[in-house]
Amino acid sequence: MIRVLFSSFLAASLMLSCSSQPKKEKGLDIDKISIVPLFENQLPVTIIGGATVTPPPVKKPKGKVIAKKAMRPTVLDDQNLFADVTAWNINDYVTKTYAAEFTALDKKLVDVPLDAKMIDAYRNEARGLKDIYLGDRWQNLTQYVLNEADKQGALYVLMVHPYTVEGFGQYKSGFGLFCPAQGRQMTALQGYTSIRAQIYDVKARKVTAMATITPVDVNFNTELGCDQARKMTPDEIVAKYKEQILEMVKSSVETSLRQTGIKPVQLEQEHN
């Protein structure tokens, strides 16, 4: 089951309703939108090392009594792995999911062809930068996307990409799978989201709305223990939970649209 954390505002709004007819708030007034997902074809699988306690081997010669030795902890290393999800066409899936939502909201979409090699080049350039005093390390990639969008007549661009959220440093950015360790107790595998969606005004060259989806906001649990996950390859693990991961992607898209204000919140109102 995918878990999505809703804001307390929505709950409060429902409590204050005063009519039996549903009423939609007006969403963010934007149109002629281009959707640009920037996910790579690898999905992170992280297993945090814990400590398991195993008794040491003891040889007991005949006729001798040997005192029991203390149990020794075995420390397990962290595993930071990646599964190949090229066949999933994750960026196409994200684009189609957003497009369906925008179409339902009567928003016009603008297709902006982008050169995959240019995207990779700008991405690698950004990762190679260490100290940024002005702007940000992704500014050249952003400008490339906005320039291309402008050529196609788009007024807004929604860029959605992996993002490392403060306070969640152990979670690799993007859509992923994570196995935490609590002391000596290995827990179960979790699916999580760590992304950011930004809406740019193409002419103004600035962000008009933004959403940050954290591992707490959208996630799912599995029954696969971390000790079992260690015995599987990342590709095997990801294939096992493909359906849940894609459902999590869909929930993340919907959550980002609510956070940015594009998707209006439906308020149930009751008669006084």
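Predicted model: local features only at pLDDT ≥ 70, side-chain atom pairs only at ≥ 80, totals over all residues.
Residues are numbered from 1 along each chain as its sequence is written, and side-chain values use heavy atoms, with hydrogens and water left out.

The protein chain contains 7 helices and 15 strands; helices (H or I, at least four residues) and strands (E, at least two) are DSSP runs numbered from the N terminus. Of its 272 residues, 39% count as buried, where buried means under 20% relative accessible area, exposed over 50%, and partly exposed in between (1.4 Å probe, protein chains only). Among contacts in the protein chain with a separation of 6 or more, 77% are accounted for by residues 24 or more positions apart; a contact denotes heavy atoms within 4.5 Å.

A pair of aromatic rings is described by the distance of the centres and the angle of the planes. The structure holds 7 aromatic pairs. Rings of Phe, Tyr and Trp (its six-membered ring) pair if their centres lie within 6.5 Å, with planes under 30 degrees apart counted as stacked, over 60 as edge-to-face and the rest as tilted. The pair of tyrosine 171 and tyrosine 192 is edge-to-face, because the ring centres are 4.9 Å apart and the planes stand at 75 degrees. Tyrosine 171 belongs to the loop between strand E8 (156-162) and strand E9 (174-179), and tyrosine 192 to strand E12 (residues 188-201), so the pair ties together parts 21 residues apart in sequence. Both count as buried: the relative accessibility of tyrosine 171 is 16%, and that of tyrosine 192 is 1%. Tyrosine 192 also forms an edge-to-face pair with phenylalanine 178, at 6.4 Å centre to centre and 90 degrees between the planes. This pair links distant parts of the chain, with phenylalanine 178 in strand E9 and tyrosine 192 in strand E12, 14 residues apart. Phenylalanine 178, like tyrosine 192, is buried. Ring pairs join Phe168, Tyr171, Phe178 and Tyr192 into a cluster.

The charged end of arginine 196 sits over the ring of tyrosine 163, 3.9 Å from its centre; this description requires NZ of Lys or CZ of Arg within 6 Å of the ring centre and within 35 degrees of the ring normal.

In soluble globular proteins, nonpolar side chains tend to be buried together. A nonpolar core is here a set of buried Ala, Val, Leu, Ile, Met, Phe, Trp, Tyr and Cys residues joined through side-chain atoms within 4.5 Å. The largest such core has 44 residues, of which Tyr98, Leu158, Leu177, Val238 and Ile245 touch the most other members. Its largest share, 6 residues, comes from helix H7 (residues 242-260). With residues up to four places away in sequence not counted, isoleucine 245 touches Leu43, Trp88, Leu177, Phe220 and Val238. Apart from this core lies another, of 15 residues, among them Val36, Leu38, Val145 and Tyr200.

Tyrosine 200 is placed in strand E12 and, at 10% relative accessibility, counts as buried. Its contacts, not counting residues up to four places away in sequence, include Thr142, Leu146, Leu155 and Lys206. Tyrosine 200 and leucine 155 are 45 residues apart in sequence, while their C-alpha atoms are 8.5 Å apart in space.

Two packed helices are described by the angle between their axes and the distance between the axes. The axes of helix H3 (residues 116-128) and helix H4 (residues 139-151) come within 8 Å and cross at roughly 155 degrees. H3 is therefore roughly antiparallel to H4. Axes are lines fitted to C-alpha atoms, for helices over the stretch in contact, with angles running from 0 to 180 degrees between N-to-C directions; angles under 35 degrees count as roughly parallel, over 145 as roughly antiparallel, 65 to 115 as roughly perpendicular and the rest as oblique. Met118, Ile119, Tyr122 and Glu125 in H3 meet Asn140, Leu141, Tyr144 and Val145 in H4.

Lysine 32, in the loop between strand E2 (22-24) and strand E3 (33-37), has a phi near 50 degrees, a positive value in a residue other than glycine. At 34% relative accessibility, lysine 32 is partly exposed. Arginine 205 lies in the loop between E12 and strand E13 (206-213), and its phi is near 55 degrees, again positive in a residue other than glycine.
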